[in-house]
Amino acid sequence: LQDDVFERLLPLPGASDRLLLKTEVPQSLYVLVMNTNPSRNPGRGFPVDSVSWSDAREFCSRLGWLLGSTVRLPTLDEFRVALGDGQKVAWNQANSGGHSQEVGSGEPNGAGFYNLLGNLTEWTNTEADDKAFVFGGSYLDTQEINSKIPSEARLKGDRARHVGFRIVVEQASP
């Protein structure tokens, strides 16, 4: 499991002590860690969807225990850093067929990350009371909306078929 996870990580630009998952968390990894799959668009290679913010945090806690590292949701700022100058192709309303696409599909951005815009909007480690922010838009949004790098506050208990997440793994400094 550790090798599989670390092969899926890239250093966050400008922060070698933090590794960001190249893609959204795939259902195959979620099932290994959580022993359940809440996704409404099932498939091992598809991103896990229909998870609440609390589900995503619990996944991070369990995976952190398995890896022996701190695992958490990325902040909005970390998402923006990973996004860099943007992304050319984003799964959106016009090209998705009305559902999410497999993780790692499409073209990566200049830093090597996939689908920071489009496919699934993603939970972040940014919260306000009973809400947390999602970032990046989804396959339900238009290309125009996704290009504006949308973020919105949602209730932490919300579950939606267009919401997933990715993770940050913190590494101890040598």
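**A guide to the packing of the model**

Asn 119 lies in the loop between α4 and β4, where helices (H or I, at least four residues) and strands (E, at least two) are DSSP runs numbered from the N terminus. The structure is a predicted model, in which local features need pLDDT of at least 70 and side-chain atom pairs count only at pLDDT 80 or more, while totals for chains, interfaces and linings use all residues. Residues are numbered from 1 along each chain as its sequence is written, and side-chain values use heavy atoms, with hydrogens and water left out.

Asn 119 has a relative accessible area of 0% and is therefore buried; buried means under 20% relative accessible area, exposed over 50%, and partly exposed in between, with a 1.4 Å probe and protein chains only. Although Asn 119 is not a glycine, its phi is positive, at about 60°. Most residues other than glycine have a negative phi. Ile 149 also has a positive phi, near 55°. Ile 149 is placed in the loop between α5 (143-147) and β6 (151-155) and, at 33% relative accessibility, counts as partly exposed.

The loop between α4 (76-83) and β4 (121-128) also holds Asn 109. With 7% relative accessibility, Asn 109 counts as buried. A polar atom of its side chain lies 2.8 Å from the backbone oxygen of Ala 82. For such polar contacts, the limit is a pair of N or O atoms within 3.5 Å; within protein, one must be able to donate a hydrogen and the other to accept it, and residues adjacent in sequence count only if both atoms are side-chain atoms. Not counting residues up to four places away in sequence, Asn 109 touches Ala 82, Leu 83, Gly 86 and Leu 116, contact being heavy atoms within 4.5 Å.

Leu 83, one of these partners of Asn 109, belongs to helix α4 and is buried, with a relative accessible area of 3%. Leaving aside neighbours within four places in sequence, Leu 83 is in contact with Asn 109, Leu 116, Leu 117 and Ile 149. Leu 83 and Ala 111 are 28 residues apart in sequence, and their C-alpha atoms are 7.7 Å apart.

Gln 93 is another residue of the loop between α4 and β4. Its contacts, apart from neighbours within four places in sequence, are Tyr 139, Leu 140, Asp 141 and Thr 142. A polar atom of the Gln 93 side chain lies 3.2 Å from the backbone oxygen of Leu 140.

Thr 23 is situated in the loop between β2 and α2. At 9% relative accessibility, Thr 23 counts as buried, and beyond four places in sequence it touches Val 103, Gly 104, Tyr 114 and Arg 166.

The account now turns to helix α2. Six of its eight residues are buried, so α2 is largely enclosed by the rest of the structure. The buried residues are Gln 27, Ser 28, Leu 29, Tyr 30, Val 33 and Met 34, and their cover includes α1 (2-7) and α3. Just after α2, Asn 35 takes a positive phi of about 60°.

How do α2 and α3 pack against each other, and at what angle? Helix α2 (residues 27-34) and helix α3 (residues 53-67) meet at about 70°, with their axes 10 Å apart; axes are lines fitted to C-alpha atoms, for helices over the stretch in contact, and angles run from 0 to 180 degrees between N-to-C directions. The angle makes α2 roughly perpendicular to α3, since angles under 35 degrees count as roughly parallel, over 145 as roughly antiparallel, 65 to 115 as roughly perpendicular and the rest as oblique. From α2, Leu 29, Tyr 30, Val 33 and Met 34 meet Asp 55, Glu 58, Phe 59, Arg 62, Leu 63 and Leu 66 of α3.

The largest nonpolar core has 27 residues, of which Val 25, Tyr 30, Phe 59, Leu 63, Trp 123, Phe 165 and Ile 167 touch the most other members. Such a core is a set of buried Ala, Val, Leu, Ile, Met, Phe, Trp, Tyr and Cys residues joined through side-chain atoms within 4.5 Å. At least two of its residues come from each of β2 (15-21), α2, α3 and β5 (131-135), and α3 gives the most, with six. Apart from this core lies another, of 13 residues, among them Leu 20, Leu 83, Leu 116 and Val 168.
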